Amino acid sequence: MNQHSKTKLALVAAAAILAGSAAFAQQQFYNIVDGSPLSFDDAMEEGRDTEAVKHFMETGENLYNESEDPEVMAEAEDLYLAMCSGCHGHYAEGKIGPGLNDDYWTYPSNDTDVGLFSTLYGGATGQMGPMWGSLTLDEMLHTMAWVRHLYVGEPNTAGWLTEEQRARFTPFKPKEKDKADSEQS
Ligand code: HEC
């Protein structure tokens, strides 16, 4: 075997190992009420394979959380206001649905983004229906980023933040946001 084909073989082997570990790292998602596995066959065609969705399915990490891209955060806010605030409150303080802006969860898995995604995709009980027919997977990640942005509690008890994110997370300030919005309009 010449040097060239040896290198090629080594590359193929490395690629196989990488593919294997990526498959291993795939996140599993379960319905938060009955624990049945969620498959994404029902998800809308659009928004299935954005970079953020692919990254999330592999790692459980939401690239839109505290994004520095103002367009991402603007879309996140719009989606939350259109789809969630009617039941959960403008700032996720709670209304007919529970508050989503603190670290208390009826379903403790919502302390992680994999859990929160599973709640959105598969729904919970009563009025909290599944969102797979109303939001694309990519829109779910945007909406989640706004829910996390609205968090008013201690960064240290926010399970969805990494150590590094905890160090720089500033809890949401409803009054400052009211003021900024009224100055803008
Ligand atoms: C029609 C009203 C309604 C809408 C719209 C709605 N929810 Fe809910 N949501 C509820 C209710 C009621 C519950 C409580 C259900 C339960 O405990 O099983 C709930 C529960 C939840 C929970 C679980 C909270 C916990 O403490 O574990 C999360 C997370 C959540 N909703 C997020 C959202 C997001 C994000 C949206 C928008 C994409 C949304 N909901 C839209 C009514 C709604």
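The chain averages a pLDDT of 90, and 86% of its residues score at least 70. pLDDT is the predictor's confidence in each residue, from 0 to 100. Over residues 19-24 the score falls below 50, and this stretch has one contact in the model beyond near neighbours in sequence. Two residues are in contact if their C-beta atoms, placed from the backbone, lie within 7 Å.

This is a predicted model: local features need pLDDT of at least 70, side-chain atom pairs count only at pLDDT 80 or more, and totals for chains, interfaces and linings use all residues. Residues are numbered from 1 along each chain as its sequence is written.

**Overall fold**

The chain holds eight helices and zero strands. Along the sequence the pattern reads α-α-α-α-α-α-α-α. Helices (H or I, at least four residues) and strands (E, at least two) are DSSP runs, numbered from the N terminus. Among contacts between residues at least 6 apart in sequence, 61% join residues at least 24 apart.

Buried residues make up 25% of the 185 residues. A residue is buried if 20 or more other C-beta atoms lie within 10 Å of its own, exposed if 12 or fewer, and partly exposed in between; C-beta atoms are placed from the backbone.

**The core**

The largest nonpolar core has 27 residues. Such a core is a set of buried Ala, Val, Leu, Ile, Met, Phe, Trp, Tyr and Cys residues joined through C-beta atoms within 7 Å. F117, L120, M140, L141, M144, W146 and V147 touch the most other members. Helices α2, α3, α5 and α6 each supply at least two residues. The largest share, seven residues, comes from α6. Beyond its neighbours within four places in sequence, M140 contacts F117, L120, Y121, M131 and L135.

**The ligand shell**

The shell around the ligand has 24 residues, and C84, C87, G97, A124 and M128 come nearest. A residue counts as near if its C-beta atom, placed from the backbone, lies within 6 Å of the molecule. The shell divides into 14 nonpolar, ten polar and no charged residues. Here Ala, Val, Leu, Ile, Met, Phe, Trp, Tyr, Cys and Pro count as nonpolar, Asp, Glu, Lys and Arg as charged, and the others, Gly among them, as polar.

| Helix | Residues |
|---|---|
| α4 | residues 85-88 |
| α5 | residues 113-122 |
| α6 | residues 137-149 |

**A closer look at E58**

E58 is found in helix α2. Why does E58 count as partly exposed? It has 14 C-beta neighbours inside 10 Å. E58 and Q28 are 30 residues apart in sequence and 9.2 Å apart in space, C-alpha to C-alpha.
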